[in-house]
Amino acid sequence: MCGIYGEFFKKNQLSSKDLFLTRNDLNSFRGPDMSGYWSNDSNCQLGFRRLSILDLSERGNQPMTSFDSRYVIVFNGEIYNFQALKSDLLKQSIPFKTETDSEVLVNSIAHYGLDKTLKMLDGMFAFAVFDTKENKLDMVRDFAGIKPLFYSFDEGDVVFGSRYDQVSKHDLNKHNGIDNSVLRMYLKRHYMPAPYGIIKKTFQLRPGEHVSIHTDGSIHKNIYWEFPDLNTSSLIEDQTKAVDYIKEELSASVNAQMVSDVKLGTFLSGGIDSPLITYLAKQNDPEIQSYSIGSDSNKHDESQVATAYAEKIGCKFRLDKMNAESALQVLDDSMKHLKEPFADFSLIPTYLLCHHAKKIGTVMLSGDGGDELFYGYQRFESVSKNRKWFKLPKPLRYIAYGIDKLLFNKKHINEVLLQDSLAKAHQGLHSRSNDTDIEALFPNLKSVDNIDLPHYSYKNDLSETELLHAMRKAEYYDMMQKTLIKVDRMSMANSVEVRVPFLKKSFIEAALKIHPKLAFKKKEKKLILKRLLGKLIPGTPISHEKKGFSIPLTDWLKKDLKLPVQESLLDKDFIDTFQLSETELRRIWNMHQNGEKDYKWVLFTLYSLAKWHKQQNE
């Protein structure tokens, strides 16, 4: 894994080489092994920081030029099918100097063209490639959004980078103000979804997006891959066939992601997904080691279950424990590596997880993506059980809700029924802040509209199968993106590459061939993965209530984290810049401290914003 950075200007002069390299070195944690630079001495310069994974020699350094010298690339990520692509190129007499996937990528672009190459790729990546003949810059992000790519665009001038601060603090953007519509979105969703940036004129590439900037200063954007629609006429409905098919495809995905010239391990939790990944990885490498982190909070600790899985799998296993003291020690470090407002507080245990995992491997396999593809969240049931009731007019839905609440304690329907649409209700389940609290804290946002994400626009009259798939697609482009941001930033803070077998393009497309009914039933989640795990490892799945990967933040805000959080929130510059109501801020702080109401999500969302604001102005 690496970090990339670059400038492509139509109007302004390029930064000096020294200043450019200083900004490039902001990626040093993402790429600690070498620094690379290329410029055409006119309007484009590219920077690179390398974390060596494949072909550890200097030959694998970037920026890298194609065999015909036309294209120059900076590339962050892994191309999982690079060996097959290279074999085809060799048959056509394309020369190679290295064993890297980077060279395969740039030579494929030179030989086939970028559009055709994108259709052939499978992997996780973010790259920029400069066409010296056409004087054009292309930027591309992978299908799932695993690897980040930020950029700014203004009158033909482009700055891009793996880190948001490489763009937001650039001379072209450092005087741009806060985009209040994105600020409001952050306060509602607790992160910045692509394509948005909180500083005006800054953006992110969306998952599966290709952005081209031409020499005339024009910009063109297109989505080259999108989460596929469900082909209901050809879904696999036989349970045995489905389990065997998923095993075959997941095994292939795991095997493809184990190609590495450095040590590789797996994360192992008490859930379903990571034990599956660890078991399949062990079939490829009997000596593979897995890693997990526990908590001194019984409510959040899964270490006993993870240990039991390790014993059943028969893999080497390392376990460390986290407590409030260890979390406080890494709080500042974990927050400083975000470089953008981000308020999922599970970033703290994720940082510790990656920090200790570095002892067993530079590359780690993760189980992320399984919940989205196989209906692992309670939200799927919370929304879908109300589907048939949406045929009623809204006044009758209120009556039905009241009766069910009184007689059956919301067994058949819930508050989703009170919303205007299933999609709107689904989107709302991702927010822990309501409009009333936001506008009380930020009175200047009262006139700013909420931004609705496009994938929450599905209709109410879908069949159950269609609804589940529409929800899955929305989760893929929303909740999963927040998880991937957390894992990328915290792993790169520790110079660890995390690979995600569930999110290999070919596996995503395979998962969508399984009928949803084989994965989702009332009170049951991820059925097909549970059946596969039980088939592979006798005595599993281990029965327990999934606890998630989190921390007891409610209590920590009253004790160990109280002073640092309070100091950041009451900073005068922070309050003045964002026009916060100090009276309202103190009110919710005191209510949380007194135990009157749990405001941990609101407070941590504000805390992350305050920390980012301070870093932005340093």
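**Close-up views of a predicted model**

**View 1. Thr540 sits in the loop between α20 (527–536) and α21 (553–556).** This is a predicted model, as are the views that follow. Is Thr540 buried or exposed? Its relative accessible area comes out at 11%, which is under the 20% cut-off, so Thr540 counts as buried. The one on Ile537 lies 2.6 Å from a polar atom of the Thr540 side chain, and the one on Leu533 is reached by the Thr540 side chain at 3.0 Å. Leaving aside residues up to four places away in sequence, Thr540 touches Tyr309, Lys312, Leu533 and Gly534.

**View 2. β2 and β3 make a hairpin.** Strand β2 covers residues 34–39 and strand β3 covers residues 44–50. The two run antiparallel and are paired over 6 bridges. Which residue of β3 is the bridge partner of Ser39? That would be Gln45. Between the two strands there are 4 residues, and in this turn Asp41 has a positive phi of about 60°.

**View 3. Six strands line up in an open sheet, in the order β4-β5-β6-β7-β11-β12.** The pairing is antiparallel. Strands of a sheet pair through backbone hydrogen bonds, either parallel or antiparallel. Which strands stand at the edges? They are β4 (64–65) and β12 (219–223); each has a single partner strand, so one side of each is left without a neighbour in the sheet.

**View 4. Zooming in on the β12 end of that sheet, β11 (residues 209–213) pairs with β12.** For a pair of residues to look for, take His210, which stands opposite Asn222 in β12. In a regular strand the side chains alternate between the two faces of the sheet.

**View 5. The second largest cavity holds about 110 Å³ of space.** There are 15 residues lining this cavity, and those closest to its centre are Arg30, Arg163, His337, Arg489 and Met492. How does the lining of the second largest cavity split by class? It has 7 nonpolar, 5 charged and 3 polar residues. Searching the whole structure turns up 6 cavities of 30 Å³ or more. Rolling a probe the size of a water molecule over the atoms shows where empty space is left.

Conventions: Residues are numbered from 1 along each chain as its sequence is written. This is a predicted model: local features need pLDDT of at least 70, side-chain atom pairs count only at pLDDT 80 or more; totals for chains, interfaces and linings use all residues. Side-chain values use heavy atoms; hydrogens and water are left out. Two strands pair if DSSP finds at least two bridges between them. On a 1 Å grid over the protein atoms alone, a cavity is a set of points where a 1.4 Å probe fits but cannot get out, and a pocket is an open set with protein on both sides within 12 Å along at least five of seven lines; lining residues have an atom within 4 Å of a point. Grid points are joined across faces, edges and corners, and a volume is the space filled by probe spheres set on the points. Ala, Val, Leu, Ile, Met, Phe, Trp, Tyr, Cys and Pro count as nonpolar, Asp, Glu, Lys and Arg as charged, and the others, Gly among them, as polar. Buried means under 20% relative accessible area, exposed over 50%, partly exposed in between (1.4 Å probe, protein chains only). A polar contact is a pair of N or O atoms within 3.5 Å; within protein, one must be able to donate a hydrogen and the other to accept it, and residues adjacent in sequence count only if both atoms are side-chain atoms. Contact means heavy atoms within 4.5 Å.
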